[in-house]
Amino acid sequence: MIAPAQGRIVRLAETARSPVDFWYDSEALRALDGDTVLTAILLSVRALRDAEFGLEKRAGFCLMGACQDCWLWQETGPRLRACSTPVAQGMRLLSQPSDAWPAATPEGET
Amino acid sequence: MTTRVLIVGAGPAGIRAAQTLCTAGLRPTIVDEGARAGGQIYRRQPEGFTRPLEVLYGSEAAKARALHETFDRLVASDEVDYVSRTSVVSLAAGQAQVLQDGKIRLVPFDRLVLATGAMDRVAPVAGWQSAGVYTLGAAQIALKAQGVALGAQIVLAGSGPLLTLVAWQLHKAGAKLAAVLDTSSLGTQMRGLPDMMARPGLVWRGARMRVGLGRLYHAGAQLERIETDAGGPVAFHWRDARGRAQSTSCDTVGLGWHLQAETHLADLAGIPFDYSTQWAQWLPHVDPMGRAGEGQYLAGDGVRILGADGAEIAGRLAATACLQDLNLPTLSPHKDMQARVRMERFAQGLSRAFPWPAKLVRATSDDTMICRCEGITAADLRVGSALGENEANRVKSLARVGMGRCQGRYCQLIGAELIAAKSGMSVEGAGRLRAQAPARPVPIGAYQIENDP
């Protein structure tokens with residue numbers, strides 16, 4: 001689990017937007033409307049997820065859809081690319097795949 | 001039926017190509033990964049953001065405005081079919097497979113214009129797999145499209161025009177830079193200057209940015225490693241031009257050595273490639289107008305890295321070539337062809353002034369990662385290569401370098417450099433990774449046919 005001691009990203013401009021509340025690893029976080037998921041999370045946390053093949057964390061790399069470093073999970077199942085997906089009110093995001101993977105349960109097919 | 005032209009990418013090249021095709025009465029379809037047209041360099045901020053264009057694009061604000069307005073007008077008058085937030089993932093004869101809203105669909109076309117742009121080119125620096133290490137382009141996108149800095153204390157390292165530009169933009173926007181480390185020495189940079197003077201205005205602007213950065217900027221830096229803890233970078237270790245060891249505290253790093261053409265779709269379209277020693281990378285084979293194969297045209301940084309101005313010219317030229325081949329009336333390409341020669345000369349100067357750091361890459365320590373996707377080290381590749389395989393695709397099979405989710409975009413040229421160093425052959429001799437479809441990751445459900453029971 002990523003310890004949310006402090007964020008990585010620093011806001012320099014565009015601070016007069018309406019707030020958006022969302023969940024990341026069962027923690028309530030707040031961002032602004034127009035933030036990407038990557039921006040939204042890294043304002044409060046230092047990384048997005050664990051690396052699959054190493055001990056380090058990952059926090060995105062190219063921010064333009066080329067590197068595929070910033071994929072995250074949602075509680076509803078589908079993954080998303082954090083750098084190019086706008087954060088939305090009530091989103092429930094995970095740094096790791098959920099134990100209750102919807103695809104594993106037929107009734108979770110929504 | 002009118003000719004169906006598919007343009008991939010709505011940056012400066014794609015937009016000018018679309019506009020040119022429209023003047024001949026065609027109605028091109030433009031498939032673009034962006035939420036709004038503009039590409040990377042003229043990327044637009046989301047709706048609701050309020051910074052003026054002068055803040056976002058500096059001296060290039062007028063060009064950005066002209067480009068955005070041109071395209072908005074074409075969309076508003078229904079002269080083009082603009083498909084945003086959509087990726088072309090595969091190409092076959094006359095059909096593009098696109099991923100839109102989590103579904104795959106087919107877009108048929110008669111002629112294809114690829115304006116896919118470029119991405120940052122990176123060299124491996126020990127520790128670069130850590131969270132908090134980004135590309136220079138990422139730092140610029142974060143600032144432009146989100147109004148944020150990726151860290152509270154940033155070291156930028158690499159070489160090329162983007163290094164100075166991003167540093168200056170961040171500095172001006174109030175981000176805290178700890179150091180700007182250019183691996184090109186001042187002497188090397190001077191050798192590129194005569195050709196760069198083909199565009200004296202750009203040289204002047206770059207020089208002014210350098211002055212603005214003052215003592216933050218260091219030419220001739222030798223990069224050693226990024227020291228990290230669990231949360232990301234804590235220091236950048238490097239040597240200055242006089243060889244003295246330096247350590248700069250930081251929490252974020254941006255890396256980039258000029259650009260690398262995004263050529264995945266050109267490869268899937270069957271377009272042949274040549275190795276460019278000037279750019280030290282493989283580039284699609286085109287004629288001076290951007291013609292590739294039958295009915296295929298390439299424009300912008302995805303074929304020759306000439307920057308945004310060059311991309312606008314190349315977009316017009318590629319569309320003009322397309323119109324010529326269709327026997328439709330065109331304006332004379334003469335002026336654009338001349339301007340392009342000037343751009344080429346400038347680009348030649350740039351590539352000489354800010355070279356790819358082949359020596360640094362070849363000296364990559366065994367435990368340094370070269371594939372960020374799958375955590376493959378230089379030693380892993382050297383073993384794969386040592387088994388007697390000195391061809392990039394074979395080394396990929398043995399060492400998995402190029403098999404990760406970025407599909408070799410970031411490791412391919414690093415890998416080729418290491419194979420060449422190990423085997424004593426040229427980088428060109430190591431070969432080129434064959435592109436595989438899909439060009440972007442596609443969830444398997446996206447291929448599901450709608451009326452499946």
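1. A quick definition to start: two strands count as a pair when DSSP finds at least two bridges between them. Please keep in mind throughout that this is a predicted model.

2. With that in hand, have a look at the sheet in chain A. Five strands make up an open sheet with mixed pairing, and their order is β3-β2-β8-β6-β7 (chain A). At the edges stand β3 (27-32) and β7 (79-81) of chain A; each has a single partner strand, so one side of each is left without a neighbour in the sheet. From one strand to the next, the twist averages 40 degrees.

3. Strand β6 (residues 71-74) of chain A runs antiparallel to strand β8 (residues 92-94) of chain A, and two bridges join them.

4. Now for the contact between the chains. Chain A brings 33 residues to it and chain B brings 41 residues. On the side of chain A that touches chain B, the elements giving two or more residues are β1 (10-11) and β5 (57-58) of chain A. That side of chain A divides into 15 nonpolar, seven polar and eleven charged residues.

5. Which strand of chain B is joined to β1(A)? The partner is strand β10 (residues 148-149) of chain B; two bridges link the strands, which run antiparallel. Here the pair to display is V10(A) with its bridge partner in β10(B), A149(B).

Technical notes:
Residues numbered from 1 in each chain as written. Chains lettered and ligands numbered in written order. Predicted model: local features only at pLDDT ≥ 70, side-chain atom pairs only at ≥ 80, totals over all residues. Contact = placed C-beta atoms within 7 Å. Helix = DSSP H or I, 4+ residues; strand = E, 2+ residues; numbered from the N terminus. Nonpolar A, V, L, I, M, F, W, Y, C, P; charged D, E, K, R; others polar. Axes fitted to C-alpha atoms, helices over the stretch in contact; angles between N-to-C directions.
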